[in-house]
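Please read them with the coordinates open.

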Amino acid sequence: CAPELCILLKMDEDEDDADWDTSSGSSAPASTGGGCSDGSRRVVLHFDLDCFYAQVEMVRNPALRDVPLGVQQKYIVVTCNYVAREYGVTKLMSVTAAKEKCPQLVLVKGEDLTHYRETSYKVTELLMSYCPLVERLGFDENFMDITEIVNGKIREAPVTDYCFSGHVYNCQAAGVRASEYPRLAVGSQIAAELRGALHSRLGLTSCAGIASSKLLAKLVSGAHKPNQQTTLLPKYTGDIIGSLTGLRQIPGIGYRTGEKLKALGLLAVRDLQVFHLAALAKEFGEANAQRIQNLAHGIDESPVTPSGPPQSLSDEDSFKEISTVTETVKKLEDLLTSLLERMHKDGRQPSTFRLTIRRFSSTDRWFSRESRQCPIPIHIGQKVISGSSEALPQLVSIGIKLFHKLIDTSAPFHLTLMNVCFSNLLSRRDTKGSIKSFFTAKSPSRQDKKVTRVSSSTARNVFFFLFVFIYLFIYLFFSSLLDEIVQHKPSVLLEAVPIVRLKVVERRHKGEMLPSQQKKIPDFLLPEHIQKEIIPTFHTAVFQHIPPVESRPGAMCSLHDHPLSTRDTEGLNVPRPSSLGVNAACPPNVDPRVFSELPPDLQQELLSEWKQQKPVLKIPSKKVVKGGSTKEKKTTGQPSQANNLLKYFKPN
DNA sequence: CAGGGGTGAT
DNA sequence: ATCACCC
Ligand SMILES: Nc1ccn([C@H]2C[C@H](O)[C@@H](COP(=O)(O)OP(=O)(O)OP(=O)(O)O)O2)c(=O)n1
Ligand SMILES: [Mn+2]
Ligand SMILES: [Mn+2]
């Protein structure tokens with residue numbers, strides 16, 4: 001095993017987080033550290049807003065505070081406030097059933113998610129202002145890994161007198177020996193502080209769970225329901241897992257898995273805990289079997305993964321019936337108008353467009369959706385950014401083509417849903433990028449992560465094989481799709497998987513255009529090309545796995561010093577740990593600690609690469625904005641702050 | 001298997 | 001492109 005591989009692999013591993021397992025005899029992973037009572041575990045927070053959509057409506061209209069309130073989407077009550085819940089109204093109840101339970105129920109329409117989405121990002125942003133390691137789940141939940149913050153606090157300001165804020169699972173709050181769990185106790189104080197901030201700054205109440213993993217934090221956050229928080233001590237892991245009344249209550253076990261497990265005769269959590277792993281693996285595969293059985297034991301090592309800005313924006317509408325092309329086009333226009341507005345405000349450039357439909361069929365084989373997607377030509381994507389009014393008709397036109405790929409309009413059709421989605425969202429860095437951007441000190445943007453993942457967890461000598469394998473897989477199963485992509489304009493290739501993108505970027509740099517009739521995938525399989533690619537991607541992997549210092553759990557800022565602070569929107573991308581007294585020749589765009597561990601030949605490569613790129617970086621990109629007069633019909637409002645990676649996390 | 005969203009794996 | 005998961 002090459003040294004550099006060991007480094008990278010090590011960083012891929014999670015911290016030891018083996019949770020206390022009360023159950024007997026099963027092949028749970030061995031607990032790693034063994035010894036210490038509190039020391040090596042993570043401290044993870046989970047926040048969940050109370051009756052989220054209803055609460056947003058109550059903030060907008062305080063008169064709704066004291067009445068039973070439901071939020072209605074079409075004919076279902078998607079959620080309701082706690083006044084309504086006392087009448088027996090539940091989430092996802094039909095309007096008629098809800099009105100039966102509570103005739104005075106006040107309903108507000110909630111099909112438009114704008115206000116909920118905006119509030120949602122304000123919450124995430126406020127949490128991130130305290131600690132950037134925040135992962136969103138849906139619109140109303142956030143995980144936060146505060147391990148390093150807690151460790152730092154205890155190190156700097158050791159206290160003899162720890163105590164918990166809020167509930168402690170299975171315990172009388174007062175009587176807990178908090179000093180035995182200093183890290184969880186501190187975690188509960190932080191959770192309380194953050195919930196207080198959410199309330200004072202945004203007027204929102206929430207629940208929180210404090211535990212050593214995402215799974216347990218999430219499970220325990222619901223132990224005391226509105227506007228409260230609960231800490232789970234390790235010794236009660238078995239209890240909270242045991243309190244679950246069905247496998248479906250385990251996050252990660254959904255409808256399908258639940259049904260498959262039922263077919264295997266498994267109903268209770270205990271059944272899954274003790275089921276023969278090999279038998280489980282037959283249904284779910286080795287890795288998945290282990291994962292869900294671990295969940296049943298309360299073991300979850302998955303890291304808190306910062307969410308960043310969304311990967312896709314979509315808009316949809318359901319309806320009784322659309323059966324004419326005219327109606328279809330009108331609906332397409334409406335959806336796209338709204339989506340384009342959101343995309344424009346986002347500022348990134350969409351490079352993929354997808355149209356999804358649902359067809360009517362009575363007593364459906366539980367209705368599935370069908371979709372077609374295509375790349376968005378660059379010139380149209382740019383009009384979306386600039387807000388040109390030309391974007392709408394051109395995308396409608398593309399949408400109609402996709403529609404015809406889905407529906408044979410010479411026969412009758414009956415739609416009940418349409419969805420439009422922009423994905424493959426390119427930030428400025430991604431669009432301006434040439435091959436040079438791969439060597440920048442900035443951590444790779446999410447667009448490029450797939451490539452770095454592969455290369456980082458794989459030895460170089462294995463990479464060739466893997467690459468060929470991946471290519472063959474893509475080619476065999478998606479060849480028709482890729483053929484279609486290649487048929488179109490060359491720019492179209494930008495929408496493909498990052499592996500493809502890297503290739504294309506290089507080609508365009510060299511000024512080579514792809515012959516449009518080139519139906520086969522270009523010479524991807526040629527060893528020379530592959531070898532050329534391995535080196536750069538390997539380098540980016542080195543950067544990738546050294547998180548920017550500001551985004552590591554330890555880095556924090558005081559809530560009270562900078563509440564809702566106006567952070568540099570690029571702040572998260574400025575890595576650079578201060579020098580740790582290592583190799584003097586370390587290039588400034590590489591973490592010195594990593595650099596010093598690399599084998600000499602790789603150090604050489606990085607150094608020479610840096611020297612070559614340095615002058616090049618000074619040269620402004622030749623982004624000649626064609627003369628004065630473009631024939632833009634009209635660009636709306638703000639020039640869409642394109643470069644802001646985190647406009648989603650700004651105050652207001 | 002309801003509404004209107006999101007994520008990642010295959 | 002679909003499936004499975006989450007809210
Ligand atoms: N299938 C679902 C589940 C949830 N939501 C929306 C409505 C909820 O308001 C919000 C948050 O979901 P929760 O499950 O957290 O429910 P609430 O926040 O409404 O209530 P609670 O106080 O129980 O958390 O997500 C939705 O639209 N469709
Ligand atoms: Mn929730
Ligand atoms: Mn909630």
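1. Basis. This is a predicted model, in which local features need pLDDT of at least 70 and side-chain atom pairs count only at pLDDT 80 or more, while totals for chains, interfaces and linings use all residues. Residues are numbered from 1 along each chain as its sequence is written, chains are lettered from A and ligands numbered from 1 in the order in which they are written, and side-chain values use heavy atoms, with hydrogens and water left out.

2. Chain A overall. Chain A has 652 residues, of which 47% are buried (under 20% relative accessible area; exposed is over 50% and partly exposed in between, with a 1.4 Å probe and protein chains only). Its secondary structure comes to 23 helices and 14 strands (DSSP runs numbered from the N terminus, helices being H or I of at least four residues and strands E of at least two). Among contacts in chain A with a separation of 6 or more, 69% are between residues 24 or more positions apart (contact means heavy atoms within 4.5 Å).

3. Sugar and phosphate make up 80% of the atoms of DNA strand B that come within 4 Å of the protein. By class, the surface near DNA strand B has eleven nonpolar, five polar and nine charged residues. Here Ala, Val, Leu, Ile, Met, Phe, Trp, Tyr, Cys and Pro count as nonpolar, Asp, Glu, Lys and Arg as charged, and the others, Gly among them, as polar.

4. The side chain of glutamine 73 has an N or O atom 3.3 Å from a base nitrogen of DNA strand B.

5. DNA strand C. Of the 16 residues around DNA strand C, the nearest are Lys218, Gly252, Thr257, Arg372 and Gln373. Sugar or phosphate supplies 97% of the atoms of DNA strand C within 4 Å of the protein, and bases the rest. Phosphate oxygens are 3.0 Å from a backbone N or O atom of serine 371 and 2.7 Å from a polar backbone atom of glutamine 373. The side chain of glutamate 141 places an N or O atom 2.8 Å from a sugar or linking oxygen of DNA strand C. Helix 10 (255-263) and strand 13 (369-375) each supply at least two residues of this surface; the largest share, four residues, comes from strand 13. By class there are four nonpolar, five polar and seven charged residues.

6. Ligand 1. Which residues come nearest to ligand 1? Of the 14 around ligand 1, they are Cys51, Thr79, Tyr82, Lys91 and Lys225. An oxygen atom of ligand 1 is 2.7 Å from a backbone N or O atom of cysteine 51. For threonine 79, a polar side-chain atom lies 2.6 Å from an oxygen atom of ligand 1.

7. Four strands form an open sheet of mixed pairing in the order 4-3-2-5 (strands pair if DSSP finds at least two bridges between them). Strand 4 (93-94) and strand 5 (106-109) are at the edges with a single partner strand each, so one side of each has no neighbour in the sheet. Strand 3 pairs with strand 4 in the antiparallel sense over two bridges, and isoleucine 76 stands opposite serine 94 in strand 4.

8. Serine 307. This residue lies in the loop between helix 13 (286-296) and strand 11. Serine 307 is buried, with a relative accessible area of 17%. Leaving out residues up to four places away in sequence, serine 307 touches Val134, Glu135, Arg136 and Arg446.

Definitions and conventions:
Near = heavy atom within 4 Å. Polar contact = N/O pair within 3.5 Å; in protein donor to acceptor, adjacent residues only side chain to side chain.
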